[in-house]
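Subject: A structure for you to look at

Hello,

I am passing on the structure we talked about, and my notes follow it. Please have a look at it first and then read on.

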Amino acid sequence: MATATDKAVTTHEPGTSGPPRKKKYAGWQSTPSVIALRILVIAAALILWQLMSGTVVPEYAVSKPTEVYDALIKMFSSDAGWTDIKVTTTEVLAGFGLGVAAGTVMGLVLGSFPLLGRVLEPLVAAVNGIPKIALAPLFLLFFGIGPWSKITIAMTGVAFVVFYNIYLGLRLRERELVEVVQVMGGRRHHVLGYVTIPTLAAPFFAALKTGGPLAILGVIGGEFIASSEGVGHGLFTAAQNLDAAAEFAGLIVLVALTLALNGVLTALDTYALKRLGLAARRRPQSKT
């Protein structure tokens with residue numbers, strides 16, 4: 001029974017007894033715990049891989065973690081390995097940057113002029129429906145086996161993703177907000193700063209994160225078809241030589257490149273949304 005001097009009254013749900021239950025596994029939700037669990041999962045996978053290779057799965061098909069480690073050391077200790085990584089990274093960054101620029105311009109132009117968008121959108125959709133890897137032989141005829149054929153393939157994949165996010169973002173822009181800014185005496189640059197940019201920020205950065213892996217996919221696909229250097233060329237050579245360790249070493253390099261690019265884009269996304277005042281606000285934690 002509660003008295004007048006009680007500072008708080010503890011209530012319980014009907015049908016329950018005892019003190020309120022604390023959230024289970026609350027300590028496992030912290031960042032250090034999550035990182036530790038990730039390391040444990042990776043370590044367990046590597047141990048299983050080492051034990052199953054040669055006994056359950058043929059060793060020539062999956063190699064072993066120890067052999068993959070030796071292949072990575074060999075790659076990083078050779079000039080050819082660093083040249084392949086440098087070439088692929090340059091092609092990915094160039095294709096990604098050009099794709100973002102081309103997609104942004106296309107999205108802004110077609111989204112700003114409704115009639116032009118209605119005329120050209122079906123044509124853009126038709127071209128986008130062509131598998132980008134199917135265009136690789138055509139780009140190879142135009143640009144040869146040099147880096148520009150791979151850059152163009154990567155640019156094509158990224159450009160369409162960015163275009164659709166910008167184009168649809170402009171079409172979904174709230175007309176009422178634009179009219180409010182105009183009624184208050186705002187000009188085009190005010191509409192751009194207060195309505196258009198905040199509206200397009202989230203879909204734009206979502207397109208960037210989607211386009212990063214597409215750029216890597218385009219470059220590696222082009223290097224598979226015809227190239228004299230690059231990580232994709234190394235992967236193709238390793239497959240021909242049935243060298244599974246070198247194959248996995250190249251895949252690890254691609255994973256590292258993907259994570260690095262995604263980390264940069266995530267940091268840029270967080271910073272830009274924070275500056276625009278669009279960052280998600282955390283709910284204050286209730287104290288018990």
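In which loop is L242 found? L242 sits in the loop between α10 (231–240) and α11 (244–275); helices here (H or I, at least four residues) are DSSP runs, numbered from the N terminus.

Before the rest, a word on the source. This is a predicted model, in which local features need pLDDT of at least 70 and side-chain atom pairs count only at pLDDT 80 or more, while totals for chains, interfaces and linings use all residues. Residues are numbered from 1 along each chain as its sequence is written, and side-chain values use heavy atoms, with hydrogens and water left out.

The chain has a mean pLDDT of 80, and 77% of its residues reach 70 or more. Over residues 1–12 the pLDDT stays under 50, and the model has six contacts beyond four places in sequence for them; contact means heavy atoms within 4.5 Å. Residues 281–288 also have pLDDT below 50, with zero contacts in the model beyond near neighbours in sequence.

Now back to the loops. Most residues other than glycine have a negative phi. L242, however, has a positive phi near 55°, and L242 is exposed, with a relative accessible area of 70%. The cut-offs are under 20% relative accessible area for buried, over 50% for exposed, and partly exposed in between (1.4 Å probe, protein chains only).

S63 has a positive phi too, about 55°, although it is not a glycine. S63 lies in the loop between α2 (59–62) and α3 (65–76) and is buried, at a relative accessible area of 1%. Leaving aside residues up to four places away in sequence, S53 touches E59, V62, S63 and K64.

What is in the core? A nonpolar core is a set of buried Ala, Val, Leu, Ile, Met, Phe, Trp, Tyr and Cys residues joined through side-chain atoms within 4.5 Å. The largest one has 32 residues, and F96, V100, V162, F204, L208 and V231 have the most contacts inside it. Two or more residues come from each of α3, α4 (79–112), α7 (147–171), α9 (188–225), α10 and α11. The largest share, nine residues, comes from α9.

V100 touches V158, V162, F204 and L208, not counting residues up to four places away in sequence. A second, separate core has six residues, including L110, V124, F163 and Y164.

V158 lies in helix α7 and counts as buried, at 0% relative accessibility. With residues up to four places away in sequence left out, V158 touches F96, G99, V100, G211 and A215. V158 and A215 are 57 residues apart in sequence, yet 6.3 Å apart in space, C-alpha to C-alpha.

Last comes α11. This helix has 32 residues and reaches 47 Å from its first C-alpha to its last, close to the 46 Å expected at 1.5 Å a residue; the expected span is 1.5 Å times one less than the number of residues. Among the buried residues of α11 are A244, G250, V253, L257, L265 and L273.

Best wishes

Key. pLDDT = per-residue confidence, 0-100.
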